[in-house]
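Student: Could you walk me through a structure? I would like to ask questions as we go.

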Amino acid sequence: MPTTYLSDRISVDPDICFGRPCVKGTRIRVVDVLDNLAGGSTPNEIVEDFPELSLEDISAVLHYAAQMTERQVIIAA
């Protein structure tokens with residue numbers, strides 16, 4: 001998924017949810033969607049519970065999370 005597509009779906013705004021990544025145009029945080037998926041909810045169930053989301057938004061959340069795990073982390077000893 002191209003990064004430009006993710007910027008169409010995921011936003012980080014310091015005035016919304018304290019700057020935590022959210023699905024663009026909502027106050028639904030990326031972590032909330034991930035928690036629902038980790039808890040066993042299907043993407044369709046999440047869209048039913050949050051009708052302002054689409055299946056494409058769920059996919060973007062997963063791609064965003066995958067990109068975040070690819071960032072290099074340096075731990076100072």
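This is a predicted model: local features need pLDDT of at least 70, side-chain atom pairs count only at pLDDT 80 or more; totals for chains, interfaces and linings use all residues.

Student: How many helices and strands does the protein have?
Tutor: There are four helices and two strands. Helices (H or I, at least four residues) and strands (E, at least two) are DSSP runs, numbered from the N terminus. Along the sequence, the pattern is α-β-β-α-α-α.

Student: What does the C-alpha trace span along its principal axes?
Tutor: The C-alpha trace spans about 45 × 30 × 25 Å.

Student: At what angle do H2 and H4 pack?
Tutor: Helix H2 (residues 30–38) and helix H4 (residues 55–69) pack at about 100°, and their axes are 10 Å apart. Axes are lines fitted to C-alpha atoms, for helices over the stretch in contact, and angles run from 0 to 180 degrees between N-to-C directions. H2 and H4 are therefore roughly perpendicular to each other; that term covers angles of 65 to 115 degrees, whereas under 35 counts as roughly parallel, over 145 as roughly antiparallel and the rest as oblique.

Student: Which residues make that contact?
Tutor: H2 contributes Val30, Val33, Leu34 and Leu37, and H4 contributes Ile58, Val61, Leu62, Tyr64 and Ala65. Contact means heavy atoms within 4.5 Å.

Student: And which residues are in the largest nonpolar core?
Tutor: That core has twelve residues: Leu6, Ile10, Val23, Ile28, Val30, Val33, Ile46, Leu53, Ile58, Ala60, Val61 and Tyr64. A nonpolar core is a set of buried Ala, Val, Leu, Ile, Met, Phe, Trp, Tyr and Cys residues joined through side-chain atoms within 4.5 Å. H4 gives the most to this core, with four residues.

Student: What counts as buried?
Tutor: Buried means under 20% relative accessible area, exposed means over 50%, and partly exposed lies in between (1.4 Å probe, protein chains only). Buried residues make up 21% of the 77 residues in the protein.

Student: Take Val30, then. What does Val30 touch?
Tutor: Val30 is buried, with a relative accessible area of 5%. Not counting residues up to four places away in sequence, Val30 touches Ile10, Pro21, Cys22, Val61 and Tyr64. Val30 and Tyr64 are 34 residues apart in sequence, and their C-alpha atoms are 8.4 Å apart in space.

Student: Two Asp residues next. Is Asp8 buried or exposed?
Tutor: Asp8 is found in helix H1 (residues 3–9), and at 53% relative accessibility Asp8 counts as exposed.

Student: And Asp57, buried or exposed?
Tutor: Asp57, which is found in helix H4, is buried, with a relative accessible area of 8%. Asp57 touches Arg9, Val23 and Glu52, again leaving out residues up to four places away in sequence.

Student: Changing topic, where is Thr26?
Tutor: Thr26 lies in the loop between strand S2 (22–23) and H2. At 13% relative accessibility, Thr26 counts as buried. A polar atom of the Thr26 side chain lies 3.0 Å from the backbone nitrogen of Ile28. Apart from neighbours within four places in sequence, Thr26 is in contact with Ile16 and Glu52.

Key:
Residues are numbered from 1 along each chain as its sequence is written. Side-chain values use heavy atoms; hydrogens and water are left out. A polar contact is a pair of N or O atoms within 3.5 Å; within protein, one must be able to donate a hydrogen and the other to accept it, and residues adjacent in sequence count only if both atoms are side-chain atoms.
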